[in-house]
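This report is for a reader meeting the structure for the first time. It begins with the surroundings of the ligand and then turns to the backbone and the annotated spans.

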Amino acid sequence: MKRTVFAAALNHQSQIEAWAAAFQQPPYQHPPQHPVWFIKPRNTWRSHRDTVGLPAGEQVYSGATLAVVIGETARKVSAEKAREVIAGYALANELSLAEESFYRPAIKAKCHDGFCPIGEIAVLPDVSALQIITEVNGEVRDCWNTADLRRGATELIASLSEFSTLQPGDVILLGTPQQRVAIHAGDVVTIKAAGLPELSNPFSDSAPPMEQLSGQPTLFALGLNYADHASELDFKAPEEPLVFIKAANTLTGDHSVSVRPDDVEYMHYEGELVVVMGKTARRVSRDNALDYVAGYTLCNDYAVRDYLENYYRPNLRVKSRDTLTPLREAIVRPSALPDPHNLALKTFVNGELRQSGNTRDMVFDIPFLIAWLSEFLTLQPGDMIATGTPKGLADVRPGDEVVVEIEGVGRLTNRIVSEQQFEDSLK
Ligand SMILES: O=C(O)C[C@H](/C=C/C(=O)C(=O)O)C(=O)O
Ligand SMILES: [Mg+2]
């Protein structure tokens with residue numbers, strides 16, 4: 001069973017060449033120094049022969065790529081050892097709308113329903129120079145070679161597992177060339193590579209409704225959804241929701257520890273209200289949106305600012321690290337919380353009040369967020385939306401006790417430990 005599907009962006013030589021000049025300019029400032037990660041959430045997953053519905057009025061591009069399937073737990077694995085944790089490979093189609101920018105996470109371009117068909121797994125001895133062919137209606141339209149990737153499978157596993165413990169079933173998509181193939185309703189797209197089961201999907205302008213999905217619930221998180229927090233970071237409030245995704249590895253529970261990397265300057269807390277979906281939601285209106293909510297809980301969306309790069313910002317290395325998203329499992333039902341948009345939100349460090357806001361100050365409220373997301377993807381029961389944090393960030397250090405408290409929802413307590421303390425605790 002798939003757990004999290006990670007994908008590497010800007011990992012093909014042709015992309016770096018095409019964007020080289022732009023990446024020297026603001027907002028990027030320099031080419032990416034680390035892999036640029038994104039996540040294909042479970043609503044995007046499809047199998048061989050599944051029909052994929054294309055969003056009306058959008059040009060969709062095929063993205064034939066190679067998927068690496070993890071077979072063993074991998075935490076801080078070296079590139080030399082990475083091969084040992086690979087269960088096998090599969091073909092995948094990393095479908096996307098055109099990307100005009102790599103600055104902010106590309107949720108709308110990458111996460112439409114069905115935007116990630118993945119084929120059957122097979123064991124291959126070597127994928128370092130594998131030809132990947134795309135046929136549309138039986139005609140070859142693209143062919144690229146994994147030898148042109150900037151980072152191969154083992155290097156990507158090493159890089160990702162440094163901050164995100166990989167589990168059996170996790171998948172890594174290795175990337176796609178700059179040039180993609182435009183596809184249309186009525187097309188059948190078939191992806192082929194020697195030694196791997198082919199992946200073929202018909203595309204239509206309407207697809208069958210999605211059954212209940214497997215895989216981990218998706219945690220969508222909002223950036224800059226409180227104007228006062230945006231301004232403390234010298235940003236204006238966004239004009240549309242700034243949504244990023246946090247992977248399952250980052251979650252931890254109440255009264256747990258969060259690991260502060262030993263070599264960083266600034267790791268801050270972010271107390272946040274979390275919405276938990278209770279019903280499958282697709283194209284839901286704002287007026288009806290709260291009917292789809294199972295309840296509310298709270299999280300701490302820690303960030304390590306040292307690792308910020310202006311590519312799909314905030315990037316997974318900042319926001320999706322092991323242990324950096326304490327989340328309280330118990331939820332409060334909507335009947336017990338009639339107005340989720342008027343709740344005091346506080347964060348205490350060692351008993352001292354450090355953050356104080358109110359959920360009435362959200363830039364985009366909960367009905368808007370549910371309607372906006374469900375416009376282009378299906379929200380499933382269990383999916384969550386962390387609705388952002390108000391101003392009042394501060395650095396936290398090993399030994400600090402951090403308590404997030406939201407009126408009517410409850411408290412979430414966790415303690416900061418150093419990397420060394422955490423490693424010692426594992427021995
Ligand atoms: O890009 C930024 O600096 C904003 C980003 C995320 C913010 C949030 O998670 C939030 O506003 O709750 C960051 O701070 O990395
Ligand atoms: Mg946040």
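The shell around ligand 1 divides into seven nonpolar, four polar and seven charged residues. Here Ala, Val, Leu, Ile, Met, Phe, Trp, Tyr, Cys and Pro count as nonpolar, Asp, Glu, Lys and Arg as charged, and the others, Gly among them, as polar. The model is predicted: local features need pLDDT of at least 70, side-chain atom pairs count only at pLDDT 80 or more, and totals for chains, interfaces and linings use all residues. Residues are numbered from 1 along each chain as its sequence is written, chains are lettered from A and ligands numbered from 1 in the order in which they are written, and side-chain values use heavy atoms, with hydrogens and water left out.

In total, 18 residues surround ligand 1, and the closest are Arg-104, Leu-224, Glu-270, Arg-305 and Arg-313. A residue is near a molecule if one of its heavy atoms lies within 4 Å of it. The table gives polar contacts of the ligand, that is, pairs of N or O atoms within 3.5 Å.

| Protein side of the contact | Ligand side | Distance |
|---|---|---|
| Glu-270, side-chain N or O atom | oxygen atom of ligand 1 | 2.9 Å |
| Arg-313, side-chain N or O atom | oxygen atom of ligand 1 | 2.6 Å |
| Thr-389, backbone N or O atom | oxygen atom of ligand 1 | 3.2 Å |

On its own, ligand 1 has 380 Å² of accessible area, and the protein covers 100% of it; such areas come from the Shrake-Rupley method with a 1.4 Å probe.

Arg-313 is joined to Pro-314 by a cis peptide bond, with omega about 0 degrees. Pro-314 lies in the loop between strand E23 (303–304) and helix H6 (316–319). Helices (H or I, at least four residues) and strands (E, at least two) are DSSP runs, numbered from the N terminus. Leu-224 is not a glycine, yet has a positive phi of about 55 degrees; its loop runs between strand E16 (219–223) and helix H5 (227–232). Another cis peptide bond joins Pro-26 and Pro-27, again with omega about 0 degrees.

Definitions and conventions: A polar contact is a pair of N or O atoms within 3.5 Å; within protein, one must be able to donate a hydrogen and the other to accept it, and residues adjacent in sequence count only if both atoms are side-chain atoms.
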